[in-house]
Each structure stands twice: as structure tokens, then as C-alpha cells.
Amino acid sequence: MTDTRIAGTGLFTPPQSISNAELVASFNEYVRRWNDRHAREIAAGAVKALEPSSAEFIEKASGIKSRYVLDKAGILDPERMTPRIPARADEDVSVLAEMAVAAAREAMRQADVRAHDIDGVICACSNLQRAYPAVAVEIQHALGVNGFGFDMNVACASAAFGIETAVGLIRAGSRRILMVNPEICTAHLNFRDRDSHFIFGDVATAVIVERNDGPPRGEAFDILSTRLLTIYSNNIRNNLGFLNRCERETGAPADPQDSPFTDKLFRQEGRKVFKDIVPVVSEMILKHLADQGVAPSAVRRFWLHQANLAMNEFIVRKVLGRDATREEAPVVLDDYANTSSAGSIIAFHKHRGGLVVGDIGVISAFGAGYSAGTVILRRAA
Ligand code: COA
């Protein structure tokens with residue numbers, strides 16, 4: 001028996017979704033209007049015409065078919081291409097906390113625990129909607145949890161870092177930690193950027209990590225081991241932050257359609273990310289398994305970060321020495337797109353059926369930083 005286990009998980013999926021065809025229609029209309037407005041400069045060779053996007057490219061390059069979003073209309077409006085998420089009064093629950101609470105309630109039902117059974121809340125995600133008060137403290141308050149809450153950000157690897165942190169807190173004396181991953185990725189995505197406008201979606205996940213000191217109340221997974229890694233890289237960046245208002249030297253954006261923060265939004269060198277991440281993560285999983293005395297062939301399931309289908313296929317192929325089946329390495333990015341820290345937890349939440357007591361699985365999350373984390377689990381009940 002190990003000293004900690006996962007006792008439940010939860011998922012909040014926004015009710016609206018956008019297909020590749022819908023996204024591309026809006027992007028291409030934006031391109032048509034932009035090129036019309038700049039027709040003279042384009043004809044004179046002063047600016048380059050924008051190129052249209054394609055649904056076929058998106059699915060082939062990424063495996064993504066659609067994404068869930070908080071606001072479909074604002075994203076698809078070619079004059080706006082940004083979700084409409086109105087500011088809320090301080091007295092009202094914030095959007096990020098609301099999503100996390102919905103996921104948390106499901107995780108608590110699954111783990112059969114009440115608010116007073118939880119000692120602390122970790123909000124681990126890529127994009128926190130404010131600096132303070134910590135979103136985790138707001139979630140703690142909304143649920144009626146005693147104890148403490150804090151936020152942490154390790155980009156797409158945040159959930160693995162959150163699980164290891166929860167394990168550490170339990171070893172330091174807490175009984176049970178709620179770890180949530182609310183992600184409003186569409187608010188940091190530049191929907192006018194052809195290279196990346198299709199990448200992200202919105203979602204929230206939750207995990208209950210608890211001390212392993214009694215029989216599990218339902219399906220549970222022992223945490224055999226966790227491991228974390230970071231290697232600095234500029235290949236994925238999001239420069240949105242509180243210093244942006246101090247940095248601007250001229251008031252007006254170059255293009256009236258650009259918001260003052262467009263150049264701060266998500267950007268990446270997608271090919272470099274692909275080339276760098278695949279060996280790092282596959283070697284990390286192999287080394288972690290070897291150190292635990294687990295043969296790769298003994299792993300029944302890989303719940304990987306969901307950014308790019310080919311990247312996941314490469315990683316598991318390197319680990320197993322053969323192609324994995326969809327059952328062994330489940331895919332959710334086709335419906336959800338990249339949901340940053342939540343991706344591997346969505347896969348774990350939706351695709352752990354069929355495992356029996358004693359079966360081993362690996363959660364592996366990776367992304368900007370670069371950052372990566374692995375969690376080796378064994379079905380306990
Ligand atoms: N529609 C049609 N064509 C497009 C396009 C679009 N939306 N976006 C790019 N293209 C074209 C490019 O113009 C380029 O054409 P060229 O070869 O004639 O110059 C070609 O497709 C390849 O572009 P590139 O950007 O190199 O695409 P890619 O094949 O590397 O795929 C990603 C792009 C982003 C899907 C892929 O690199 C990726 O997912 N990498 C991993 C990123 C990742 O996981 N990031 C983690 C974030 S947390």
C-alpha cells in the first residue's frame with residue numbers, strides 16, 4: 001500500500017462548442033475583410049495578404065476536430081474574435097472559480113467526501129484570472145472548505161505539479177487535498193493567428209488526493225510515485241501580465257482590429273516544441289517507470305497531456321516500442337482541443353474504465369516552461 005491515493009475526479013465542460021469548419025469560416029471571413037481593407041498596400045507590395053486557414057490542415061496537423069468554449073459568439077464574430085466574458089462584481093463568484101467549483105463538486109461526489117473532509121485547495125492552471133485574492137481561496141470559500149488554498153502555475157504541466165504538491169502536503173499532515181485545473185484558454189488565444197487559432201478550448205477538472213489510511217470508499221488509485229521536471233525555453237510564451245499597462249510606449253495599436261494586448265497572447269514555435277518535448281517526455285516516463293521497477297509493457301494506460309495527436313503517438317511509441325491502441329493511450333483532444341493543464345486529467349476522468357485492481361497507469365503532463373510531470377498510479381479499488 002502507498003501513503004496517498006486519488007479518490008475521485010471531476011470535469012466541467014462548457015455547453016458551447018466550435019467545430020473546425022465554424023472556426024475556419026470565421027477566420028477566413030476575417031482574412032477576407034482584412035485583405036479588402038488593405039487592398040491598396042497589398043497591391044503595392046507594402047504588406048503581405050493574409051492567408052486563409054483550413055479545417056483539413058487543422059485536423060491533420062493536430063488531431064483536433066472541435067473545442068468547448070465559454071463564449072462561441074464572441075470568438076466567431078470576425079470583427080471581434082475574442083470571447084465575451086463580462087467582468088463580474090467582486091461579490092459574485094469569478095468565472096474561473098465557478099468552473100472549478102463545478103468540477104470539484106463532481107470529484108467530491110465521486111470520492112464521497114464533504115467540504116469539511118477537505119483540508120486544502122490547490123488551483124493549478126496556466127491562466128489565473130487575477131493576482132489576488134488567490135482563486136483557490138475563493139473556491140475554498142465557495143465550497144465551505146476549512147484550512148487553506150493557494151494558486152500555482154506550471155502551464156500545461158500544472159496538474160502533475162499539483163498532484164505532487166498535494167502528496168507533499170498530505171505527508172506534511174493534511175488528510176485530503178482538492179486540486180483543481182480551471183482553464184479559460186480561449187481568452188489567451190489569438191484567434192487572428194492562422195498558426196495557432198485552432199489550438200485551445202475551455203474546461204475545468206478536479207482531483208481529490210487523500211491519505212491512504214482506510215479502505216477506499218469507491219474506485220481509487222494509489223499514487224505509486226510522482227516526478228517533475230522543468231527546462232527553460234522561449235518556444236511557448238504568454239506575455240500577458242500586470243506589467244503590460246506600464247510597457248506600452250504608444251497608445252494606439254498598429255491595426256484598429258488589434259487589441260492593445262494582441263502581441264502578448266499565446267505564441268509558440270510549434271515544430272520546435274514538438275521536436276524538443278517528445279524525447280524529454282518519453283525519456284522521463286521510461287526513467288520514472290524503470291526507477292519504480294515497472295516495465296513499460298506492464299502499463300495498462302497512458303493519460304497524456306492533450307496538445308497534439310502525433311506528439312502523443314510519438315511519445316507512447318517510444319515508451320512501448322510499438323504503436324499504442326486508443327484504449328492504451330486515450331485521446332480527448334479531438335473533442336476538447338488542447339485544454340492545457342486539464343487535458344491529461346480529462347483523459348483520466350473519462351477513460352479509466354476497464355482497469356482492474358492492481359493495473360498500472362501513468363498520467364503525463366507537459367508544456368510551456370518547458371515543464372513536465374509524471375504520476376504513476378495503481379488501481380486500488
Ligand atoms: N491552415 C492551413 N495551413 C496552415 C495553417 C492553417 N491554419 N497554419 C499553418 N499552415 C501551413 C503553414 O503555412 C505551413 O505551410 P508551408 O509549409 O507552405 O510554409 C504549413 O502549414 C506547416 O506549418 P507549421 O506551423 O509548421 O505546422 P505544423 O505542421 O508544425 O503544425 C502545430 C502546427 C502547431 C499543430 C504543431 O507544430 C504542433 O502542435 N506542435 C506541438 C505544439 C504543442 O504541443 N504545443 C503545446 C502548447 S501547450
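So, Gly 270: one of its backbone N or O atoms sits 3.1 Å from a nitrogen atom of the ligand, and I'm calling that a polar contact, meaning a pair of N or O atoms within 3.5 Å. Gln 268 does something along those lines with its side chain, where a polar atom lies 2.8 Å from a ligand nitrogen. Then there's Ser 54, with a polar backbone atom 3.2 Å from a nitrogen of the ligand.

How much of the ligand does the protein bury? On its own the ligand exposes 960 Å², and the protein buries 72% of that; those areas are Shrake-Rupley values with a 1.4 Å probe.

Quick word on where this comes from. It's a predicted model, where local features need pLDDT of at least 70 and side-chain atom pairs count only at pLDDT 80 or more, while totals for chains, interfaces and linings use all residues. Residues are numbered from 1 along each chain as its sequence is written, and side-chain values use heavy atoms, with hydrogens and water left out.

Back to the ligand. It has 17 residues around it, and the closest are Ser 53, Arg 194, Gln 268, Asn 308 and Met 311; a residue counts if one of its heavy atoms lies within 4 Å. By class, that shell has 8 nonpolar, 6 polar and 3 charged residues. Nonpolar here is Ala, Val, Leu, Ile, Met, Phe, Trp, Tyr, Cys and Pro, charged is Asp, Glu, Lys and Arg, and the others, Gly among them, are polar.

Which element gives the most to the shell? That's helix H9, with 4 residues. Helices and strands are DSSP runs, of at least four residues (H or I) and at least two (E), numbered from the N terminus.

Now, helix packing. H1, residues 20-37, packs on H3 at about 125°, with the axes 9 Å apart. Axes are lines fitted to C-alpha atoms over the stretch in contact, and angles run from 0 to 180 degrees between N-to-C directions. So H1 is oblique to H3; under 35 degrees would be roughly parallel, over 145 roughly antiparallel, 65 to 115 roughly perpendicular, and the rest is oblique.

H5 (95-111) and H6 (135-143) have axes that come within 10 Å and cross at roughly 55°, so that pair is oblique too.

Tyr 132 and Pro 133 are joined by a cis peptide bond, omega about 0°, and Pro 133 is in the loop between strand E4 and H6. Asp 112 isn't a glycine, yet its phi is positive, about 55°; find it in the loop between H5 and E4.

Note on methods: Polar contact = N/O pair within 3.5 Å; in protein donor to acceptor, adjacent residues only side chain to side chain.
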